[in-house]
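Hi,

Here is the structure I promised to pass on. Could you have a look at it before we next talk?

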Amino acid sequence: MVNTVSAEIGVIGGSGFYSFLDDVTEVPVETPYGPPSDSLFVGHVAGRRVAFLPRHGRGHHLPPHRINYRANLWALRSVGVRQVLGPCAVGGLRPEHGPGTLLVPDQLVDRTKARHNSYFDGLPLPDGTVANVVHVSLADPYCPAGRAVALKAARGRDWEAVDGGTLVVIEGPRFSTRAESRWHAAQGWAVVGMTGHPEAALARELELCYTSLNLVTDLDAGAETGEGVSHEEVLRVFGANVDRLRDVLFDAVAALPAADRRTCACAHALGGQDPGFALP
Ligand SMILES: [Zn+2]
């Protein structure tokens, strides 16, 4: 599908991040992997063209394990996006990472179970194309340039973001048991979420820059002594911080390098390996 609307930066998050922009264009996108979570919503932020994608769909109807992550990243790239910001709500695994903490992780642990987590899975696409066997490095899963921009943007808004830490991604949609949560914390991991994987890995496979921003909405079951995580509390804390997070995201958008000025390794993640299909 040829799109006449283009964007250079993608933001995968809730509708709260773009709903007040006055020049948003809704752009439906088809992909070889099926439909993304929703249309892309393309608008201007600080003179940059940004494509917003509601990760869970409008109305928040998609649970984390049902999100079509491959279609989401593919759709963004197909309209020209080369840099992606991925804000998400997480649970804190340490008492010092309480609700309202913003953390920009530098590492990722995948504890998901049943997700399509690669474009190179050896299965044919509807058009008969079969991807080659390709291996990308995910040693450092996040774009260093994007991380630096996000941290600076947060500090510019008087939000002392935590620089680094490991995000462990669980399958969900249930929250962790106390034993799981204590185990995650004992590994030294910082925060727990449900959507960070395979988002970062798929972005890397498409040679996109990807930066994760984690808003702590609760202390995970092993890090607090009460009843454990409730969805109501997650929504309350997210709502209380969404305007602030939006300011940080928009400042980060303004500060990201132009798509053709990327100096990080993300732009060459395939290292010359032939994917067997044309990147969108
Ligand atoms: Zn990068």
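Below are my notes on the metal site, one arginine and a few salt bridges.

First, the ground rules: this is a predicted model, so local features need pLDDT of at least 70 and side-chain atom pairs count only at pLDDT 80 or more, while totals for chains, interfaces and linings use all residues. Residues are numbered from 1 along each chain as its sequence is written, and side-chain values use heavy atoms, with hydrogens and water left out.

The zinc ion first. It is held by the SG atoms of C143, C209, C264 and C266, at 2.2 to 2.3 Å (donors are N, O and S atoms within 2.8 Å of the metal, or 3.2 Å for Na, K and Ca; water is not among the atoms, so sites may look incomplete). The angles among the four donor atoms run from 97 to 114 degrees, which makes the site tetrahedral (for four donors, all angles between 85 and 135 degrees). Along the sequence, the donors follow the spacing C-x65-C-x54-C-x1-C. C209 sits in strand β11 (residues 209–219) and C264 in the segment after α5 (231–255), so this pair ties together parts 55 residues apart in sequence (helices, H or I, of at least four residues and strands, E, of at least two are DSSP runs, numbered from the N terminus). C209 is buried at 2% relative accessible area, and C264 is buried too, at 9% (buried is under 20%, exposed over 50%, partly exposed in between, with a 1.4 Å probe and protein chains only).

Next, R147, which is part of helix α2 (residues 144–156). It counts as buried because its relative accessibility is 14%. Setting aside neighbours within four places in sequence, R147 has contacts (heavy atoms within 4.5 Å) that include V104, D106, Y142 and D163. Its side chain also reaches the backbone oxygen of V104, at 2.9 Å.

Finally, the salt bridges: the whole structure has 13 (a side-chain nitrogen of Lys or Arg within 4 Å of a carboxyl oxygen of Asp or Glu). One of them pairs E160 with R155 at 3.0 Å, N to O; E160 is exposed at 59%, and R155 is partly exposed at 38%. In another, the closest N and O atoms of R174 and E180 are 2.9 Å apart. D243 and R246 also pair up, at 3.4 Å between the closest N and O atoms. Both lie in helix α5, three residues apart, or about one turn of the helix. Elsewhere, bridges with shared partners link E26, D38 and R58 into one network.

Cheers

Key
A polar contact is a pair of N or O atoms within 3.5 Å; within protein, one must be able to donate a hydrogen and the other to accept it, and residues adjacent in sequence count only if both atoms are side-chain atoms. Four donors count as tetrahedral if all angles lie between 85 and 135 degrees; four count as square planar and six as octahedral if opposite donors are over 155 degrees apart and all others between 65 and 115; anything else is irregular.
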